[in-house]
Amino acid sequence: LGYTTSTLEEATNNEVFQFNATDQDGAGCLTNSPQTLFFSIVSVVPSTSAFVIGTTNGTLALQLPLDREASSAYVVNVRVTDVGGRSNDALLTVTLIDVNDNRPTFSELENFLSVAENAVSTTLQRITASDLDIGVNANIQYSLEGNPAQVTVNAFGDISVGAVPFDFETDPQLYQFSLVAVDNGSPSLTGSTSITLTVIDENDNQPVVTGLEAINFYVGQKSE
């Protein structure tokens with residue numbers, strides 16, 4: 001026999017499934033009262049000691065939390081045995097429901113980018129975060145903190161320079177700011193990475209004469 005159910009990951013002390021069984025035999029040859037049946041866990045795949053079952057009531061529960069990121073489902077083999085030793089097994093597949101317990105993470109803690117002054121509408125680099133959760137818990141939104149006005153980020157993590165360029169001669173030549181990733185779980189979790197942006201000089205200015213130095217020439221007179 002096979003059954004299915006689901007439960008939240010990280011849940012403990014909660015009822016997962018209620019097993020029920022009957023036996024047409026009585027408790028003994030001189031009585032028609034119901035026979036006592038005993039429930040036990042034969043195996044769990046993947047192996048874990050998180051599940052427990054009531055010996056006489058068949059209530060399957062969790063005594064330890066389970067991590068969906070380690071295994072998304074477990075198959076529990078439960079055996080019911082009568083007082084005469086006859087038994088029967090049932091398989092229960094327990095699927096874990098994701099909980100938003102993982103924050104977005106970036107592969108690099110620091111990112112070093114460069115941009116030529118005068119560059120416009122240019123994507124510098126795509127920097128993305130990953131999230132071990134699934135569904136809406138893994139949907140990520142990006143934003144920048146402490147960034148210069150020229151730099152933006154889109155929904156895909158593309159770091160770009162917009163319509164206003166940098167000017168190497170008048171703007172700072174080095175910027176440090178953060179890229180923040182926020183998932184859509186409830187409550188939401190956040191991760192961040194730092195960005196160092198260097199502005200590269202271009203040959204966009206003509207030489208300017210800033211002053212003239214007077215030079216005196218003396219012409220000698222030829223003697224007769």
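Student: How many helices and how many strands does the secondary structure of the protein hold?

Tutor: The secondary structure comes to 0 helices and 18 strands. Both kinds of element are DSSP runs numbered from the N terminus: helices are H or I with at least four residues, and strands are E with at least two. The model is a predicted one, in which local features need pLDDT of at least 70, side-chain atom pairs count only at pLDDT 80 or more, and totals for chains, interfaces and linings use all residues. Residues are numbered from 1 along each chain as its sequence is written, and side-chain values use heavy atoms, with hydrogens and water left out.

Student: What share of the residues in the protein is buried?

Tutor: Of the 224 residues in the protein, 33% are buried. Buried stands for under 20% relative accessible area, exposed for over 50%, and partly exposed for values in between (1.4 Å probe, protein chains only). The protein exposes about 14200 Å², and carbon and sulfur atoms supply 51% of it. Accessible areas come from the Shrake-Rupley method with a 1.4 Å probe; for residues, only the protein chains shown count as cover.

Student: How should I read contacts, and which residues does Leu37 touch?

Tutor: A contact means heavy atoms within 4.5 Å. Among contacts in the protein with a separation of 6 or more, 65% are between residues 24 or more positions apart. Leu37 is found in strand 5, and its relative accessibility of 12% counts as buried. Not counting residues up to four places away in sequence, Leu37 touches Ala21, Thr22, Asp23, Thr55, Thr56, Val80, Thr81 and Asp82. The C-alpha atoms of Leu37 and Asn57, which are 20 residues apart along the chain, are separated by 8.5 Å.

Student: Is Ser121 buried or exposed?

Tutor: Ser121 counts as exposed, at 65% relative accessibility. Its place is in the loop between strand 11 (110-116) and strand 12 (122-126). Leaving aside its neighbours within four places in sequence, Ser121 is in contact with Val161 and Gly162.

Student: Why can charged side chains pair?

Tutor: Side chains of opposite charge can pair when their charged atoms come close. A salt bridge is a side-chain nitrogen of Lys or Arg within 4 Å of a carboxyl oxygen of Asp or Glu. The structure holds 4 salt bridges.

Student: Which residues are linked with Arg68 in a network of salt bridges?

Tutor: The network links Arg68, Glu69 and Asp98. Between Glu69 and Arg68, the closest N and O atoms are 3.0 Å apart. Arg68 also meets Asp98 in a salt bridge, at 3.0 Å from N to O. Arg68 lies in the loop between strand 7 (59-62) and strand 8 (73-82), and Asp98 in the loop between strand 9 (87-97) and strand 10 (105-106), so this pair ties together parts that are 30 residues apart in sequence. Arg68 is buried, with a relative accessible area of 11%, and Asp98 is buried at 13%, whereas Glu69 is partly exposed at 24%.

Student: Where in the chain do Asp158 and Arg126 lie?

Tutor: Asp158 forms a salt bridge with Arg126, and their closest N and O atoms are 2.6 Å apart. The pair links distant parts of the chain, with Asp158 in strand 16 (residues 158-161) and Arg126 in strand 12, 32 residues apart. Asp158 is buried, at 11% relative accessible area.

Student: How is a surface patch read, and which residues make the nonpolar one?

Tutor: Patches are made of residues with over 30% relative accessible area and no salt bridge; like charges are joined within 9 Å, and nonpolar side chains (Val, Leu, Ile, Met, Phe, Trp, Tyr) within 5 Å. Val45, Val75 and Leu91 make a nonpolar surface patch of about 230 Å². Val45 is found in strand 5 (residues 37-45) and is exposed at 52% relative accessibility.

Student: What is the geometry of the peptide bond from Val45 to Pro46?

Tutor: That bond is cis, with omega near -5°. Pro46 lies in the loop between strand 5 and strand 6 (51-53). Another cis peptide bond joins Ser186 and Pro187, with omega about 0°. Pro187 lies in the loop between strand 17 (174-183) and strand 18.

Student: What is the value of phi for Asn13?

Tutor: Phi of Asn13 is near 60°, a positive value in a residue other than glycine. Asn13 lies in the loop between strand 1 and strand 2 and is exposed, with a relative accessible area of 70%. Glu10, also not a glycine, has a positive phi of about 75°.
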